[in-house]
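Please look over the sequence and the model before going on to the notes below.

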Amino acid sequence: MTAPNVRVRFAPSPTGLLHVGNARTALYNWLFARRTHGVFLLRIEDTDLERSETRYEDQLIEDLRWLGLEWDEGPGQPAEATGEMGAYGPYRQSERLAVYAEHTARLLAEGKAYRCFCTQDELEAERKTAAAVNGPQIYSRRCLNLSPAEIEANIAAGKHFAVRLRIEDHPLRFHDMVRGPVEFAAEAVSDPILVRSASGVSAGVPVYNYVVTIDDALMGISHVIRGDDHISNTPKQVAIYQTFGWKVPEFAHLSTILGADRERLSKRHGATSISTFREMGYLPEALVNYLALLGWGAEDGNTETFTLNELTQAFSLERVTASPAIFDFDKLNWLNRHYLKQTDPARMAALAWPYFAGRFEHLDQATQHLLGPWFGRLLALFLPHVDHLDQLPAKAAPIFGYDLEAACANEENIAVLAADSARTVLGELGGYVRAHNGRVTPDVFKEWMNEIKAATGIKGKDLFHPVRIALTGAHSGPDFDKVLPLIEDGAELALGISSVRDRIEQFVGV
RNA sequence: GGCGUUAUGGUGUAACUGGUUAACACGUCGCCCUCUCAAGGCGAAGAGUCCGGGUUCGAGCCCCGGUAACGCUACCA
């Protein structure tokens, strides 16, 4: 597939953390660019000086890179770096104010835009009047035909003015790759404000709808792929393209991502920002895969797992759904487990280590290197039991030791231990342990269990559960064959892990 | 209120230009494996496609009319 002139952009405002909705927009832009051998650029929309923060920009950049979505043009990394990539910069809107001013002057000179001296109160009154008769809220154009003399007089009187675009009276149409042709009546648009009036904090700063359009046009954006909350803004932007005589690009408006209650996904639904998912121990490939599937399906209708590379082959904007999607943590977890299983041990160890560091009394004394293979085995054993990495320490905790009192106080454990058979089994096992020298290997252990079974006739759960509690403090967990050597080897690592022998003796002693 | 967008099992998606019993995945449930919990294997239930009309031999796909949800309706982005 070749479309030589494809240029797309991801244009977030650095006013908060990158959340899954925006990340998905970034992903689709990136995929479309890669698929068509086009250019993907990053532009920072920081015209809201009050809310924009550099730390958010840095975080944004870090998150994008973590996801693997590199951009071809845009700000350098991190934000402080002066070097930008690309010939269409600057890529931060706060650095493009002169460009906007120049365009505004042109519009004013050509009579395509006009100064509006109406105050906020006057406009508010107009809106109320319109609302009273259930009419559309359209600006009255009171300032459209002011004479040059009146304008001068107003300015001389120190009156502040905003700049409005004069909307021509014809329908505003655009094409949306996911929704098809869209049309708005001109009267639905009203004459939009382009530049804020000189009162207030954001004095004379051009508004969003105006600057995106200028930037998209000047940066040669061929396809505007963004959230569908912009769909009603699009006619205004189309009008701006037209008054400048610029080619209107293709649009693709992506549906909203909702929470389980069909409300817009927000913090109260759980994790929503990319950095939070990262901290929780989700793999970027899982997140990317999941996000891709949220609003898009492969052509074969079957494949669910895609690497970023496979996605660039399979992705197409035409197959993106227009309907809103509900974020399903279960499916994300399934994908994360899928990728966790595929991750090679070295990467796994590196990723998992931070979750253990400092979590256990003696673990930080040991280096990861010292633990090496042992740590790897620990991970291999518990990985199938977690959805994301931060659950690992809790799952693996029994290997490091357990709280004897808490274990004995646990209701399910009490039920198990109350049986006569449990006392018998543990008594027998205590005997074997005391008579044994050296480490307890799985073979030795298995022999003991067989002998106890033969001698007492106790088997199955009655046999194993009490032993499991004595060893790990819980009646369930991975196979003894795996757990025993981990404990025994761990006991030799000076981590403060007590051996199988110690555990049983201590437990039986109670 | 105005304008716009959307509508297939609990969830995400499929279903070629209208054509057999609406498919796949997650989740759920059951079975197998097993001392247990996961993992893995096998299987099942779950929608008749928002509602009501219409066109057609035939409609999830086309047309008309509703309803609901969401978005915009800002000198926020």
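Does Asp 261 count as buried, partly exposed or exposed? At 38% relative accessibility, Asp 261 counts as partly exposed, where buried means under 20% relative accessible area, exposed over 50% and partly exposed in between, with a 1.4 Å probe and protein chains only.

This is a predicted model, in which local features need pLDDT of at least 70 and side-chain atom pairs count only at pLDDT 80 or more, while totals for chains, interfaces and linings use all residues. Residues are numbered from 1 along each chain as its sequence is written, and side-chain values use heavy atoms, with hydrogens and water left out.

**Salt bridges in general**
- Side chains of opposite charge can pair when their charged atoms come close.
- A salt bridge is taken here as a side-chain nitrogen of Lys or Arg within 4 Å of a carboxyl oxygen of Asp or Glu, and by this rule the count comes to 26 salt bridges.

**Individual pairs**
- Asp 261 forms a salt bridge with Arg 268 at 3.2 Å, N to O, and Arg 268 is exposed, with a relative accessible area of 58%.
- Glu 110 and Lys 112 are also joined by a salt bridge, at 3.2 Å from N to O; Glu 110 is partly exposed at 44% relative accessibility, and Lys 112 is partly exposed at 31%.

- Arg 377, partly exposed with a relative accessible area of 37%, forms a salt bridge with Asp 489, their closest N and O atoms being 2.5 Å apart.
- Salt bridges that share partners join Arg 9, Arg 43, Glu 45, Arg 96, Asp 215 and Asp 216 into one network.

How values were computed:
Chains are lettered from A and ligands numbered from 1 in the order in which they are written.
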